[in-house]
Amino acid sequence: RYVVKNNPRDPFAADAGEDKEIDRGESTTLTAELIDEAAIYNWYDMEGNLIYTGKDLSISPEVSKKYHLEVIALSDGMKKYDAADVKVNPYFITNLSPNPASSTVIVDYFAEGASQPYIILVNTNTGDENMYPINPLVTQKSIQVSSYSPGIYTVKLLCDGMYFSGKNLTIY
């Protein structure tokens with residue numbers, strides 16, 4: 001006859017941190033929350049391949065991906081899991097210059113690979129929209145705004161039938 005006695009362990013949870021949103025070409029860092037004991041922090045890609053061991057995973061994905069965190073307590077091998085998503089914006093506006101503007105605004109953007117891309121100016125008071133077709137192989141569009149009513153406008157990028165990015169522009 002055998003009697004097995006286990007001491008209850010303090011529970012812990014794996015925490016891969018907040019989901020992230022970045023523009024294509026940018027880097028980000030996923031940071032695992034430390035637990036209150038010695039542990040190993042393993043990061044895996046969507047296919048289950050180990051890509052990094054450590055608390056902070058620095059990445060530059062080209063497309064949106066989910067990263068899985070495995071935390072292994074060294075005292076007894078207990079494992080816990082969590083995941084974090086990194087959403088990559090494939091198209092985006094990088095700058096509006098000048099802002100505020102009175103006559104012309106230069107919109108810097110990235111739309112490489114997009115079909116039927118447009119810059120759209122939306123008057124935030126009236127909802128009126130003006131669309132400007134853009135070349136996805138070019139990174140700038142000059143727009144005359146001298147005939148626009150003074151106010152705040154949202155500058156949006158429309159690519160592949162979806163809105164991406166948005167920056168506020170003041171026209172005076």
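The model is predicted, so local features were kept only at pLDDT of at least 70 and side-chain atom pairs only at pLDDT 80 or more, whereas totals for chains, interfaces and linings use all residues. Residues are numbered from 1 along each chain as its sequence is written, and side-chain values use heavy atoms, with hydrogens and water left out.

The structure holds 6 salt bridges, each defined as a side-chain nitrogen of Lys or Arg within 4 Å of a carboxyl oxygen of Asp or Glu. One of them joins Asp76 to Arg9, with the closest N and O atoms 2.6 Å apart. Because Asp76 sits in the loop between strands S6 (65-73) and S7 (79-89) and Arg9 in the segment before strand S1 (20-23), this pair ties together parts 67 residues apart in sequence. Strands (E, at least two residues) are DSSP runs, numbered from the N terminus. Arg9 and Asp76 also belong, with Glu37, to a network of salt bridges.

Strand S7 contributes to two further pairs. Lys87 bridges to Glu21 with closest N and O atoms 3.8 Å apart; Lys87 lies in strand S7 and Glu21 in strand S1, 66 residues apart. Lys66 and Asp85 meet at 3.3 Å, N to O, and this pair ties strand S6 to strand S7 across 19 residues of sequence.

As for accessibility (buried under 20% relative accessible area, exposed over 50%, partly exposed in between; 1.4 Å probe, protein chains only), Glu21 counts as exposed at 53%. Partly exposed are Asp76 at 45%, Lys87 at 44%, Lys66 at 31%, Asp85 at 29% and Arg9 at 24%.

Key: Helix = DSSP H or I, 4+ residues; strand = E, 2+ residues; numbered from the N terminus.
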